[in-house]
Amino acid sequence: MSAGLAASSRRRSLAQASWETRLLLRNGEQLLLTVAIPIGLLLVLTLTDVISDASDPDRVARALATVLSVSVISSAFTSLAIATGFERRSGALRFLGTTPLSRSELLAGKLLATALVTGLSAGVACATGLLVGWRPAAGAAWAIPMLILGTATFAAWGMALAGLLRAEAVLAVANGVFLVLLMFGGVVIPVASLPGLLGDLAAWLPSAALTESLTSALVDGAAPSGASVLVLTAWLAVGAAVSARTFRWS
Amino acid sequence: MPDPAVRVEDLVVRYGSRAAVSGLSFDASTGQVTALVGPNGAGKTSTVEVCVGLRSAAAGTVEVLGTSLPASGSARSALHQRVGVMLQDGGLYPSARPLELVRHVAALYPDPHDPAGLLDGLGIDPGTRTPIRRLSGGEQRRVAAATALVGRPDLAFLDEPTAGLDAIARRSFHDLVRELVGAGTTIVLTTHLMDDVERLADRVVVVAGGRSIRQGTVAELVGQVEGVSFRGPMHADLSGLRAVLPGDATVVEAPPGHYRVDGAADPMVLSAIAAWCAQHGIRTGDLSIGRRSLEDVVVELVGDL
């Protein structure tokens with residue numbers, strides 16, 4: 001691709017990212033997912049004994065890992081899948097398919113917007129964490145690459161789901177999967193606390209791998225385990241392949 | 001003569017085992033308005049979708065602005081920079097406001113029109129904060145027109161652009177299309193409104209059953225033959241009327257209840273029709289003298305299939 005073409009392509013991707021971000025942040029439901037739920041969840045996990053153990057000295061860091069994981073799944077998977085499904089139903093995607101915007105530019109725009117919104121959500125969660133006593137460990141920055149990998153993985157599956165199902169079905173399935181992952185995917189309830197086979201299966205889910213790696217970074221200041229990175233990368237590869245295969249403008 | 005802006009040859013489009021388009025061929029000349037007309041389900045929208053890269057052809061050749069379809073990569077982007085599309089329905093972000101949507105679409109093109117000026121020209125207040133979903137159907141069509149035209153296209157596909165527009169908005173739209181053509185834009189129009197076609201089209205392609213059944217200018221399709229049209233009861237026995245008409249006049253019923261006597265509309269013919277109606281107790285309605293309308297021609301052509 002010549003320099004001129006690459007610049008045009010970059011300009012279109014950025015225009016699409018700016019458009020997607022604007023629409024995402026205007027949506028009340030999205031703001032609830034991006035700002036209100038992370039703050040609320042963090043406060044519930046750190047200020048009550050409903051789920052977490054009050055005697056745990058790393059309670060806030062552990063809760064923050066859970067909240068960041070929830071933010072990634074809700075923004076990159078649930079919101080992206082639902083928004084894309086409804087863009088297809090309204091014909092907005094069909095129209096974009098007639099403009100110079102290419103499939104990869106649309107995808108780049110959506111990913112960038114999702115990363116921005118997830119980053120915003122993570123920032124709100126971290127700021128709330130600091131207010132309720134989180135003191136970042138030395139290696140806490142390991143969370144950043146894992147947040148990026150997790151966002152890419154869940155965004156790939158969000159796009160795959162939007163390509164596979166009709167808009168109404170995407171709405172139901174994306175919300176259903178979100179809740180199942182939260183409860184049984186090693187996010188709110190740790191994999192070790194899940195019974196038998198459920199725990200064994202959950203360990204292979206991207207939600208568990210993301211939460212585990214974020215917990216390592218935020219609680220221990222440690223690099224993620226090879227297994228977590230491998231599980232997330234494998235889900236990313238399969239999700240990207242499925243979304244590339246199922247994507248359609250109309 | 002320049003190459004046609006759109007060249008479609010033996011196009012076949014399938015939905016599963018059903019063929020929506022089966023061997024359609026037509027050219028759209030550069031700088032002209034080509035209208036695709038025909039009944040619902042004739043294959044017009046499917047054809048447009050192939051021409052704008054939204055659908056694959058099962059067979060046939062489609063060339064748009066010199067690019068063979070399907071195009072991908074930089075060839076696709078280069079082609080789409082020169083083509084504007086107004087989809088038959090939807091295509092707009094419901095929660096967006098008109099100006100922000102048109103601005104976003106403008107940002108995807110290298111040399112766009114001014115979005116606010118374009119919306120204003122189409123009768124949409126650029127400053128409106130009303131989301132698109134709350135606009136009337138006609139206003140939404142005008143926003144869709146703005147998104148199709150903001151990229152300053154050399155070729156615009158307008159799929160039923162005047163559906164839902166009131167008479168005044170439709171006339172404004174006709175003026176806009178004439179302006180575009182005056183500036184060298186090629187237009188491919190699909191519509192059910194023959195008024196659009198008669199006022200705008202340089203060439204008409206009548207599509208039915210997925211193929212072209214007649215092509216030509218409006219004058220060529222309508223013909224020069226004058227005649228008399230009238231309405232009466234359905235399936236009247238016309239043998240008596242035929243017997244009293246002059247030798248070169250013909251009478252047909254198409255569609256049922258609509259009668260057309262072709263030939264010179266002179267007093268002899270009118271007298272013969274009036275006498276026949278009186279003998280059979282037929283009350284005629286909407287009697288008119290003149291050339292057939294384009295709608296009559298299209299209805300006859302489609303009805304003959």
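**Figure 1. Confidence along the helices of chain A in the predicted model.** Among the elements of chain A, helix α2 (residues 28-47) has the lowest mean pLDDT, 81. The highest value, 95, belongs to helix α6 (residues 143-164) of chain A. Over chain A as a whole the mean pLDDT is 89, and 97% of the residues reach 70 or more. Where pLDDT is low, predicted coordinates should not be read in detail.

**Figure 2. The helical fold of chain A.** The secondary structure of chain A amounts to 10 helices and 0 strands. Read from the N terminus, the order of elements is α-α-α-α-α-α-α-α-α-α. Chain A has a radius of gyration of 18 Å, close to the 18 Å that the globule rule gives for 250 residues, so chain A is as compact as a globular protein of that length. Along the principal axes, the C-alpha trace of chain A spans about 60 × 35 × 35 Å.

**Figure 3. The interface between chain A and chain B.** Here 24 residues of chain A are in contact with 29 residues of chain B. About 2,400 Å² is buried between chain A and chain B, and carbon and sulfur atoms give 56% of this area. Trp19(A), Arg94(A) and Phe95(A) supply 29% of the area that chain A buries against chain B, more than any other three residues.

**Figure 4. Polar contacts at the interface, and the side of chain A that touches chain B.** Across the interface of chain A and chain B there are 14 residue pairs in polar contact, with both residues at pLDDT 80 or more. Three helices of chain A, α1 (3-26), α3 (59-90) and α4 (92-96), each supply at least two residues of the side that touches chain B. Of the elements of chain A, α1(A) gives the most to this side, with 9 residues. By residue class, the side of chain A that touches chain B divides into 10 nonpolar, 8 polar and 6 charged residues.

**Figure 5. Salt bridges of Glu100(B) with two arginines of chain A.** A search of the whole structure finds 16 salt bridges over all chains, and 3 salt bridges are found across the interface of chain A and chain B. Arg22(A) forms a salt bridge with Glu100(B), in which the closest N and O atoms are 2.6 Å apart. Glu100(B) also forms a salt bridge with Arg26(A), with the closest N and O atoms 2.7 Å apart. This latter pair crosses between chains, from Glu100(B) in helix α3 (residues 98-106) of chain B to Arg26(A) in helix α1 of chain A.

**Figure 6. A cis peptide bond in chain B.** The peptide bond from Leu69(B) to Pro70(B) is cis, with omega near 0°. Pro70(B) is located in the loop between β5 (67-68) and α2 (73-80) of chain B. Most peptide bonds are trans.

**Figure 7. Positive phi at Asp10(B) and Glu160(B).** Most residues other than glycine have a negative phi. Asp10(B), a residue other than glycine, has a positive phi near 50°. Asp10(B) lies within strand β1 (residues 6-15) of chain B. Glu160(B), likewise not a glycine, has a positive phi of about 50°. Glu160(B) is found in the loop between β7 (155-159) and α6 (167-182) of chain B.

Terms used:
Residues numbered from 1 in each chain as written. Chains lettered and ligands numbered in written order. Predicted model: local features only at pLDDT ≥ 70, side-chain atom pairs only at ≥ 80, totals over all residues. Heavy atoms only, no water. Contact = heavy atoms within 4.5 Å. Buried area = accessible area lost by both parts, 1.4 Å probe. Salt bridge = Lys/Arg side-chain N within 4 Å of Asp/Glu carboxyl O. Polar contact = N/O pair within 3.5 Å; in protein donor to acceptor, adjacent residues only side chain to side chain. Helix = DSSP H or I, 4+ residues; strand = E, 2+ residues; numbered from the N terminus. Nonpolar A, V, L, I, M, F, W, Y, C, P; charged D, E, K, R; others polar. pLDDT = per-residue confidence, 0-100. Rg over C-alpha atoms; globule rule 2.2 N^0.38 Å.
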